[in-house]
Amino acid sequence: MSKRNLSILLILAGLLILVLAACSTPAEEPQAPPPAPEQQQEEAAPAKEASSAEEAAPAEAAPELVGDSLRGGRLYDNWMEELGLDTPETLNPQWAKSSAGETSVEKSYRCVQCHGWDYNGDHGFPGILADAGKAPNEILAILKGSMNAEHDYSAYMDDQALTDLALFVSDEVFDTDTVLSLTGDAANGETVFGDNCSDCHGPQGLAINFHPDSEPEYPATIANEDPLELLGKLRFGQPGVPDMAVGLDIGLTDQEMADVIAFLKTMPEASPVTEGGRMYDNWVKALDVTAPERDMPLWATQDTNTRSGVDTWRCKECHGWDYKGADGVYATGSHATGFPGIFDAASMSTEEIVAWLDGTNNADHDFSSFFTADDMARMAAFIQEGMVEKSTYINDDKTVSGDAAHGQELYNSVCRICHGEDGTAIDFADGEEVEYVGTVAADNPWEFFNKASVGQPGEAMPAGLNLGWSLQDIADLLAFAQTLPGK
Ligand code: HEC
Ligand code: HEC
Ligand code: HEC
Ligand code: HEC
């Protein structure tokens, strides 16, 4: 797909979000389902039959359900995510009959958890393959508890969502072996992936990590571990991510989906440098571990930086966003600590770096109760290969050597999806003052450079370096981001 087509698509997707936002129904107080003529007819039918027989619809003609079976596919995957609803408070009572033991509350309510990515049933629950082609009204009734009151989803979803699910079961459920038994052509899969997926996931699928960095998961991981799940995502898209390609909507064939799966199986399942880069930023968030209660022991050896708590454990808080500690941009200002930089540690071996991280060299500089051996290796990989000489791009006065016009193209191709046209769609601040992409770019360009290169710890934010961008591309992006509003 050309960049231009993609932009148009993104604009359309943006409009769609606005429309969806305008129409969406809050969870607690479901509005009367807007048109629902079917429903009214259904309820009114018996009364009509009694009063004027000739006006009544023929007894057997169920009203036709109208909706979006592909949205139904995303609801089947995770209706809470797709509808932006909170997870119910307690485990789904039907889960008691599962053969699988414990699960999370969220999973216990996902259709796919019980009926499977192959629709043959999972964890001891029945399949729904036999329901393909069934009258959507019958399926709708089952979703409202006609077979079993515990299988009544009408308290959670409005009628349109249930209708979309019924249409999905009737129209889209199929024998997944049709696709999985095909021999995929990895070379063609690379082209299809490049046209539809790599703008966000990068050419190798490594730009977005779906899991904490302690156990990374990329499209390749899913292709190898659960190709059926990947097929589901390929056909219907990702719940709650309206911009992600929907294979059935853009006309991907069964063969093309098999090709993408074959391609992804050949791709790497780890990216230690960017994973380590997110750890350097904030390893508590990146690894999704519990924050230490006390301050980092070495923190007490300085008194210029008055932060406390989890910030005192962030590598960047002591060694700086330019990795140069007291010799760099954190030599002055509220972040100044006087601690040394680690820029020269890039030449150390992995063992030498780990000796600094597991307390061997300094018992107060010990991260071994939080990092696994793999985490240590990620951190070392970033120190060896990921630390950039930022002064090549960023001047002391925070101006940037970059081409803002090119940066704008990069911004529009991916950052805009979440941060909006002018970067104000997400506010990072918890206090009174706002903090946008533009704010970070202007106030702390070194920080921006890091995040745009390796992503945001704990978020599904793409890592620019894994989108195939060069360091100059990141600088161009930064130059553009500095033109965005900061307040
Ligand atoms: C906790 C497990 C569980 C979850 C979650 C679940 N179901 Fe079911 N489903 C069942 C069971 C068990 C049955 C068999 C009837 C019964 O006892 O309710 C069933 C029956 C069905 C049937 C009818 C199958 C037949 O026998 O013809 C359909 C269709 C269906 N479910 C769709 C869905 C959809 C769509 C969702 C998501 C909104 C969903 N189910 C969520 C367990 C589950
Ligand atoms: C507009 C950006 C965008 C495009 C284009 C896109 N995705 Fe995604 N994708 C995302 C985001 C964002 C997520 C959510 C990650 C999260 O929340 O963890 C995601 C999630 C996924 C997941 C993981 C889901 C999970 O829950 O584990 C897979 C697999 C995936 N995408 C594959 C693809 C494939 C294949 C394509 C091309 C057909 C594609 N994506 C196109 C943005 C995109
Ligand atoms: C509270 C401040 C602080 C935090 C947080 C911190 N360090 Fe350090 N780090 C230091 C100090 C002080 C030294 C020098 C210690 C010494 O000489 O014994 C050091 C030394 C190092 C060295 C050796 C550098 C060299 O060239 O000899 C490396 C590598 C290192 N730290 C990496 C990290 C990483 C990675 C993290 C995050 C996981 C981290 N540090 C978190 C303060 C900190
Ligand atoms: C899939 C959605 C998504 C995309 C695409 C995305 N971001 Fe983000 N970004 C986020 C989220 C979520 C946060 C965290 C917000 C928070 O902490 O409140 C964030 C945070 C940030 C932050 C600041 C974080 C901080 O802690 O101060 C910057 C800077 C940023 N993003 C830049 C970018 C740039 C540049 C791009 C394009 C390369 C981009 N983002 C693409 C979702 C996204």
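Predicted model: local features only at pLDDT ≥ 70, side-chain atom pairs only at ≥ 80, totals over all residues.
The shell around ligand 3 draws its largest share, four residues, from helix α16. Here a helix is a DSSP run of H or I with at least four residues, numbered from the N terminus. Helices α16 (315-319), α17 (350-357) and α18 (373-386) each give at least two residues to the shell around ligand 3. In total, 23 residues surround ligand 3, and the closest are Met296, Cys315, Cys318, Ala345 and Asn362. A residue is counted as near a molecule if its C-beta atom, placed from the backbone, lies within 6 Å of it.

Residues are numbered from 1 along each chain as its sequence is written, and chains are lettered from A and ligands numbered from 1 in the order in which they are written.

By class, the shell around ligand 3 holds 16 nonpolar, four polar and three charged residues. Nonpolar means Ala, Val, Leu, Ile, Met, Phe, Trp, Tyr, Cys and Pro; charged means Asp, Glu, Lys and Arg; the others, Gly among them, are polar.

Let us turn to ligand 4. Which residues come nearest to ligand 4? Of the 19 around ligand 4, they are Cys415, Cys418, Ala452, Glu459 and Met461. Helix α19 provides the largest share of this shell, five residues. At least two residues each come from α19 (404-419), α20 (437-443) and α21 (445-454). The shell around ligand 4 comprises 14 nonpolar, three polar and two charged residues.

Finally, the protein has 22 helices and zero strands.
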